[in-house]
Amino acid sequence: MAPLVDYSSDSDADSELDQVPLQQPGKRRRLLPPPVLPDSTINKYKQKVEQRLRIQNFVPGNWSTVVHVTVEPPEHIALFIANACDKMRARFQTFEQVSPLHISLSRTIFLKEFHIARFIQLLKTGISAHSSFDISLAKFNAYSNDDQSKHFLSIDVGAGSTQLEQLTTSVNSVVKQFSEPEFYKDPKFHASIGYILDTETMSSASTHENEMKGMFQDTEIPQDATFSMHQVVCKTGNQVFCVPLK
């Protein structure tokens, strides 16, 4: 097979250099203008860069905070989830299991340390009107975080979505008072069992999501995957607060 590049010997290179005319004094080489890229290409690149740079820098006194409900699966459901995780590890080296299993009711927000006590008090007041309820897990799905650096294998919630949305409405009313972003509009409630890291530059989140969904498209969730929700959990920094439901 012929080489892709024909590298000249040192002697050939020297002879070629000898034949290059010297630039005449007083004349500058004309520079070509940079290529003009279409706006669609530039904007697409900017969006990708911004997504990967949209990381909250550490600020002293700012506490990472998230509100969720915890799912405590019985032994046979825990084994079912563990088998799914083993399948993911065999395919993705960066796969990490999420523990404890939970369903988010808020985005990750950041509170000043002196705001935490008031936030928890307002959260308790808003949550206290909600009663305990049951949820069921329906099917495997895949999601990505806001900056698309992590891609999650999850199980969607079936029954109980209405009650979770009502809880999210109460959580949002508290979050807004601290000028933090509300939860996603029209949320798809799910329990993430693990995630992979996005290790390929400029890769598409949908590519990872579709592959994970394809791996489990024929896997049925056990019919008795039903759980009772009795409390809401708020984790802020290294502190955990539990707010009971009625």
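Reader: First up, where is Q148 placed?

Author: Q148 sits in the loop between β5 and β6. Strands here are DSSP runs of E with at least two residues, helices are runs of H or I with at least four, and both are numbered from the N terminus. Before we go on, this is a predicted model, with local features needing pLDDT of at least 70 and side-chain atom pairs counting only at pLDDT 80 or more, while totals for chains, interfaces and linings use all residues. Residues are numbered from 1 along each chain as its sequence is written, and side-chain values use heavy atoms, with hydrogens and water left out.

Reader: OK, what is phi of Q148 near?

Author: Phi is near 60° for Q148, a positive value in a residue other than glycine. S179 also has a positive phi, near 55°, and is not a glycine either. S179 is in the loop between α5 (161-175) and β7.

Reader: Which residues does E180 touch?

Author: E180 lies in the loop between α5 and β7. Leaving out residues up to four places away in sequence, E180 touches I109, F110 and V175. Contact means heavy atoms within 4.5 Å. E180 and L111 are 69 residues apart in sequence, yet their C-alpha atoms are 8.5 Å apart in space.

Reader: And which two residues does the cis peptide bond join?

Author: S99 and P100, with omega at about 0°. P100 is in the loop between β2 (96-97) and β3.

Reader: Switching to helices. How do α4 and α5 cross?

Author: The axes of α4 (residues 116-127) and α5 come within 9 Å and cross at roughly 150°. That makes α4 roughly antiparallel to α5, since angles over 145 degrees count as roughly antiparallel, under 35 as roughly parallel, 65 to 115 as roughly perpendicular and the rest as oblique. Axes are lines fitted to C-alpha atoms, for helices over the stretch in contact, with angles running from 0 to 180 degrees between N-to-C directions.

Reader: Which residues of α4 and α5 meet?

Author: F119, L122, L123, G126 and I127 in α4 meet L167, S170, V171, V174 and V175 in α5. By class, that contact has 8 nonpolar, 2 polar and no charged residues. Ala, Val, Leu, Ile, Met, Phe, Trp, Tyr, Cys and Pro count as nonpolar, Asp, Glu, Lys and Arg as charged, and the others, Gly among them, as polar.

Reader: What about α3 and α6, at what angle do they cross?

Author: Roughly 130°, with the axes of α3 (residues 75-91) and α6 (residues 205-215) coming within 11 Å. That makes α3 oblique to α6. K87, M88 and R91 of α3 make the contact with E211, M212 and M215 of α6. This contact has 3 nonpolar, no polar and 3 charged residues.

Reader: Last topic, how much space lies in the largest pocket?

Author: About 1600 Å³. On a 1 Å grid over the protein atoms alone, a pocket is an open set of points where a 1.4 Å probe fits, with protein on both sides within 12 Å along at least five of seven lines, and lining residues have an atom within 4 Å of a point. The volume is the space filled by probe spheres set on the points.

Reader: Which lining residues are closest to its centre?

Author: R107, T108, N145, F152 and Y184, out of 43 lining residues. The largest share of the lining, 5 residues, comes from β1. By class, the lining has 17 nonpolar, 16 polar and 10 charged residues.
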